[in-house]
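Please keep the sequence and the structure in view while reading.

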Amino acid sequence: MRASRRRDGVDGTLRRGRGPAHPVNSKPRVGLTSLQPWVYDITAEADRELVLDVGDCDPVGLVVDSEQELVYALHPVFDADEPDVRDSYAGTAVALDLEFDDGSSLSDHRVRDQHGVVVNPAKQYDSRTIAVDQWTLKRIQLSAFTGRRVTRVLLRVTAPARADGTRTRRRIHGFLDDVRLRRAEPGSLERIHRVRTTRGTHSSDRFSRGNCAPLVAPPHGSVFGLPMTDGGNRGWPYSYHEANDSENRSRLQSFATSHIPSPWMGDRGVLQFFPAVCRRPPLDRDARALRFSHEDEADRPDRYAVPLGGGADHGGVDAELTAGLWSVWLRVRFPTDSGALVFDQFDNAGALVLNEATNGLVTGFVDGPGGLVTVPRMYFSARIDVPVTSLAHADSTHERSAVLGSIDLDVSNNRRAVLAVGTSFISIEQAHRNLDYDMWLARGGFDEIWAASRTAWNGVLGRLDVEGATADQLTTLYSCLHRVRLYPNIAHENVGTPQTPRWAYADPFCSVQEDGPTHTARPVVDGTLTTTDGFWDSYRASWPLRTLVWPTSTAELVDGFVEHYRRSGWTSRWSAPGPADIMTGTSSDAVFADAALAGLDFDLESAYDACLRNATTPSDDPRVGRKAMQRSLFRGFTDTETFEGMSWTVDAAINDAAIAVFSRVLADRFPTHRRIDEFRANATWFTARAMNYASVFDARTGFFRGRDRSGGFRPIDTFDPRNWGLDYTETNAWGTYVTAPQDGEGIAALHGGRDALCRRLDEFRALQETGRDDVRGSYPVVIHEMREARDTRMGMLALSNQPAHHIPFMYAFASTPGNLAHARTQEMVREATQRLFLGSEIGQGYPGDEDNGEMSAWYLLVATGLYPLTIGSGEFVITAPTFPSISWTLDGGAVVRVEAPAASATNRYIESVTIDGEPWQQITVPRQRLRRGAVIHVALGPQPTTWAAGSVPPSLTPPGTMPRPPRDLTSPADAPRCARGPSDATNAFDDDSSTPPSRLTAGQAVGWAFDVPTPVDHYTVTPRSAGRASWTVETLDASDTWFVVDERTATFRWDRQTRIFTLPVPTTTSGIRLRTLDDIEVSQVEFFRLSTEGDGARGGT
């Protein structure tokens, strides 16, 4: 079929043809479901509408019944030829229309789609709910047209005006597919049936709509069950569309055990198993693959079920997958009295033992993947509940001969078989015990395991109640909640008895040459361990949400991460399960500190020491700790010799603010603790260090920028704030320019005050991200985050990635009496919840990487109307809730209910707030107030208001003053002139703990002569080696007499640890020295004035 129109300056065609050549996350050259979608290609002047007859497609001739909906898929093409990127989305100005036998049409009635958008081209374009270079599914309820017969299907197209208002000719190009009528989804589903685990799987390395996998597991379980469309892909094992076959049909190649954190980290511990309908089945992935339809999938958190190859009633199989805490279960219904199971792995780095298969037992191990992380060997013990009649290994010449094989099954009893796979990182025997323990906990087999998981998830999902949400929004809400409690994961196992558990784990932090074939060579350590989390992402939203709603279980998860420190001396920045050298910042510091502030019950002192080690000690292992601490700790910034050094600096400041909070919590809670002086000194020091972000703020450009080793900023002539990478982690200078939520008043001051900050944020919103090659900066190609940032279509606000998640709320620090800064936050957040989290029906749902629950938690929090902007403050920023009513039930039964009865697409601005009936004029609400239970009533309207104007969140810098990072009163440049002591005294003042130390014998001193009398109230000492050290501090008075002002014996836990000490009485002196009472090698000594009184001697660097 081909339709065309050529008149009045309008050229257009609609025809069947090959699908898009360059989709960003789907199979090329096909439709969403067909081999040949309709191709629309129209050129027209602005405001001209073109109507094209789609022709003979499925709906034509059908009579509409009351439960049907119209469904169609669009794939507009991004127009890269448009100079202004905002004009590149003209392909989205399309809508489908139906004409009926009574002469009426959908367009006559201004019907709305599932997103609440009127179904006409102009409204669809303005809504920005249709993606480019990827598929978007639109659904329209047809109950109002019951009994009418469809006579024509029409594609309506309107050329929109350009962003500058001109109305010259535009090209509108894209693809239309999957046009049909279907039964609408029931409106009263259980919460668990709202969850779609395939949400986020319509993704790729070029564009993420979540980059998730359809995982089945109980909350925080040790192992996932996973269906695989590509058994050879560690990163994207399940692709919603891109892995379709040559006929554009979805196929599964395997089911598997899984521990996947994200595609970028890759999966581990993957044992694959897959049913076959014939004996001695083909073993290779493509040959054994079976087709399925997404519409037949039951993708739920407790069970994944799908008919394969047409299902058992049509010569295929019916497969169900569920999981216990340590085991994965597959139940298969076969079409005949015999069948088979194939076993496989990613590669040959494993073993498959079939010796006991005829007794119903298959064992072995899985290695890999290596790369970013060291992965312990996973052992498995699998049981089959039907007779095994024969077995086969792959030929010895096969590339996976050690791991590939099959068993034939006798299923004549009821044509069903159950495979139960126990997993362990300790041994095959422990895998067997773990399987037994799961069965003991569930009191049975497949059905009982499934029921236990369902009960657990119902308990999680039952904590959230929402009124006024659409079916699509309910899917988003409960699917997001599932992701928040899917991760992180336990990694310990019960080596005791079911009645008396004893928890232990195979040490993932040590190196071993090779684990044994049946038992790990690693130490088996008593304790509980939590893994699979990247704190750089998750500290922002997922941990605060868990801490608020589930403090009891969250405390256990937190303590499982503290175990990383207890066992290895460090907490992993990214755990999979051991540490990976990826991302900036030691953001577990923020998580631990906030958990302590919230009063969670975990090992506080070990958690605190884990934070201190990150913040005070260089690491020789790049996978743990902060980079380049040998210099940055003393200079206040990480220089450009370290990749993304500027980002390390701003992240360190955020985490230091959290450690300051942690220090105050411990000092307040334990006033007689043996370390009370340390807690108090650290509270002062880390508060000051939390302002080190200002050390990389370049006032000439108004941006954070990298500084080289000499202290100079990168050359300004090559600086473009739109360029990605280099100093900026997964973003650009615009994406980092307000990254100091711990000190918003300081950020405002750096930008010229609150009003200037407001203008700067407005500028940020107005400047559109292009995602083009000319701004890829240091990246070798345009990375997926750039495309995703562009396609949020919110200026430079890349809510598709974590570095931007705080930015809408930074308007809170721009608020002044009478201004509308808070309303801008409300506007941005509502736009995000209404249009960035769409597409659940076809495996989308997120604007970018979901990242272990963080993106999901961000949506849940902002939809509630609360956001933890400043981690460690214990405060939530109040913003406009998305729904008329949303309630969270907390541990203990307290309920936080947010009521906004007027909430709608247009009513997005706060007019007033009451909490428990009392008027509330503050922009934040304390977590402690929420934990008692609260009713927050939010009156919303369609116009911005001045509610809470002038109220700002907590901040470090006093209003109207500049941030003042700590300044060492010594300097390497002045050391030859001012350092005092032995001949190597200058070594102690060179701002580098990796250089040779100053070697002092007992009684020797090292110190500093000031040019003028200088106030001093704190000092730091950095010995080269861990241990105890004793010294005195002496100062020089006006008569050139030395006086002892402090005497200490202190313990340094780690080599080159820097500790801060408070002088008992602040002093003003022309000279100060540290006299050691022991032989010691001193790497660094610093002197400070950290007091905020007086002339601001803490001033900027």
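This is a predicted model: local features need pLDDT of at least 70, side-chain atom pairs count only at pLDDT 80 or more; totals for chains, interfaces and linings use all residues.

Zero salt bridges are counted between domain 2 and domain 3, and one residue pair is in polar contact.

## Helix α10

Helix α10 is largely enclosed by the rest of the structure, because nine of its 10 residues are buried. Among the buried residues are Ser588, Asp589, Val591, Phe592 and Asp594. The cover over the buried residues of α10 includes the helices α7 (535-538), α8 (542-549), α9 (551-568), α11 (604-616), α13 (645-669) and α20 (927-931). After α10 comes Gly599, which has a positive phi near 85°.

## Salt bridges

The count for the model is 91 salt bridges. One of them joins the side chains of Arg162 and Glu82, at 2.8 Å from N to O. Arg162 sits in the loop between β8 (150-158) and β9 (170-183), and Glu82 in the loop between β5 (68-76) and β6 (94-100); the two are 80 residues apart. Arg162 and Glu82 are both buried.

Another salt bridge pairs Asp891 with Arg463, with 2.7 Å between the closest N and O atoms. Asp891 belongs to the loop between β38 (885-889) and β39 (895-899), and Arg463 to the loop between α5 (446-461) and β26 (464-467), so the pair ties together parts that are 428 residues apart in sequence. Asp891 is partly exposed at 23% relative accessibility, whereas Arg463 is buried at 17%. Arg977 and Asp974 also form a salt bridge, at 3.5 Å from N to O; Arg977 is partly exposed at 45%, and Asp974 is partly exposed at 30%. A network of salt bridges links Glu69, Arg139, Asp178, Arg180, Arg182, Glu295 and Glu841.

Ser998 is part of strand β45 (residues 998-1000). Its relative accessible area is 0%, so Ser998 counts as buried. The side chain of Ser998 makes a polar contact of 3.1 Å with that of Asp984. Beyond its neighbours within four places in sequence, the contacts of Ser998 include Pro982, Ala985, Asn987, Ile1080 and Val1082.

Ala580 lies in the loop between β33 (574-575) and α10 (588-597). With a relative accessible area of 0%, Ala580 is buried. Not counting residues up to four places away in sequence, Ala580 touches Met265, Leu372, Val373, Arg573, Trp574 and Arg623. From Ala580 to Thr946, 366 residues away in sequence, the C-alpha distance is 46 Å.

His393 is in strand β23 (residues 388-393). His393 is partly exposed, at a relative accessible area of 40%. Leaving out residues up to four places away in sequence, it touches Leu352, Leu354, Leu404 and Gly405.

Technical notes:
Residues are numbered from 1 along each chain as its sequence is written. Side-chain values use heavy atoms; hydrogens and water are left out. A salt bridge is a side-chain nitrogen of Lys or Arg within 4 Å of a carboxyl oxygen of Asp or Glu. A polar contact is a pair of N or O atoms within 3.5 Å; within protein, one must be able to donate a hydrogen and the other to accept it, and residues adjacent in sequence count only if both atoms are side-chain atoms. Helices (H or I, at least four residues) and strands (E, at least two) are DSSP runs, numbered from the N terminus. Buried means under 20% relative accessible area, exposed over 50%, partly exposed in between (1.4 Å probe, protein chains only). Contact means heavy atoms within 4.5 Å.
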